[in-house]
Amino acid sequence: MGFSCFSCASADYQKLMETCESNELRQIKRMNKYQINGDESSCQTDSTCITLYENYYVGGMQVEDRPFTVIRGCTDKILNYVDNINRPREIDFLHEGAICVHLALSTIFPQVTDDLTVRACSCIDDDCNRHLRPSHYSSSSSFSLSYSILSLISLIYL
């Protein structure tokens with residue numbers, strides 16, 4: 001299979017990336033307000049591409065021209081250091097296909113101690129993670145997973 005994923009991170013994540021053990025994560029290009037500084041960066045994968053979205057607030061209000069901070073890249077590289085013992089099942093879903101899930105940022109980066117949640121969206125085409133907002137990702141995968149879970153719950157209780 002194999003394809004290319006867009007790879008970059010909001011400047012807000014610079015300190016976090018510098019504390020990562022992975023050289024691949026430390027080398028992700030930074031960007032400022034979705035404008036990339038310097039060369040565009042990409043990575044190659046046999047898994048999926050991923051974008052982590054964190055809502056960006058100033059004074060309790062989400063900023064219109066910059067509603068999210070992001071980390072983009074190859075799922076197998078960004079999620080490579082997730083603790084396999086306490087690993088949520090959602091991590092496996094992100095490696096397998098196009099889906100959006102909510103995760104604690106500390107699940108991905110154990111050095112994060114804040115109670116921050118990100119929306120993690122994976123996709124399976126060349127440079128498919130270039131989209132600026134999570135709404136650009138197809139919600140059908142999330143819907144079908146949610147529908148399947150609800151159907152399973154209703155079968156259990158009937």
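Cys 123 and Cys 128 are both buried in this structure, which is a predicted model. These two cysteines form a disulfide, with their sulfur atoms 2.1 Å apart. The torsion about the S-S bond of Cys 123 and Cys 128 is about 90°, so this disulfide is right-handed.

That link is part of a wider set. The count comes to 4 disulfides. A disulfide is a covalent bond between the sulfur atoms of two cysteines. With the bonded cysteines counted along the chain, the pattern reads 1-3, 2-4, 5-6, 7-8.

Turn next to Cys 5. A disulfide joins Cys 5 to Cys 49, at 2.0 Å from S to S. Cys 5 belongs to strand S1 (residues 3-6) and Cys 49 to strand S6, so the bond ties together parts that lie 44 residues apart in sequence. The handedness follows from the torsion: about -85° around the S-S bond of Cys 5 and Cys 49, so the disulfide is left-handed. Both Cys 5 and Cys 49 are buried.

Cys 43 and Cys 74 make another disulfide, with 2.0 Å between their sulfur atoms. This pair, too, links distant parts of the chain: Cys 43 sits in strand S5 (residues 42-45) and Cys 74 in strand S9, 31 residues apart. The torsion about the S-S bond of Cys 43 and Cys 74 is 120°, and the link is right-handed. Both Cys 43 and Cys 74 are buried. Cys 8 is a further cysteine to look at. Its relative accessible area is 1%; the cut-off for buried is under 20%, so Cys 8 counts as buried.

Now the rings. The structure holds 1 aromatic pair. Tyr 53 and Phe 68 form this pair, with 5.4 Å centre to centre and 70° between the planes. Planes over 60 degrees apart count as edge-to-face, so the 70° of Tyr 53 and Phe 68 puts the pair in that class. Strand S6 (residues 49-55) carries Tyr 53, and strand S9 (residues 68-74) carries Phe 68; the pair links distant parts of the chain, 15 residues apart.

Strand S6 holds Cys 49 and Tyr 53. Strand S9 holds Cys 74 and Phe 68.

Arg 66 lies over the face of Tyr 56, at 4.1 Å from the ring centre.

Terms used:
Residues numbered from 1 in each chain as written. Predicted model: local features only at pLDDT ≥ 70, side-chain atom pairs only at ≥ 80, totals over all residues. Heavy atoms only, no water. Phe/Tyr/Trp six-rings, centres within 6.5 Å; stacked < 30°, edge-to-face > 60°. Helix = DSSP H or I, 4+ residues; strand = E, 2+ residues; numbered from the N terminus. Lys NZ or Arg CZ within 6 Å of the ring centre and 35° of its normal. Disulfide = S-S within 2.5 Å. Buried < 20%, exposed > 50% of the residue type's maximum accessible area, 1.4 Å probe, protein only.
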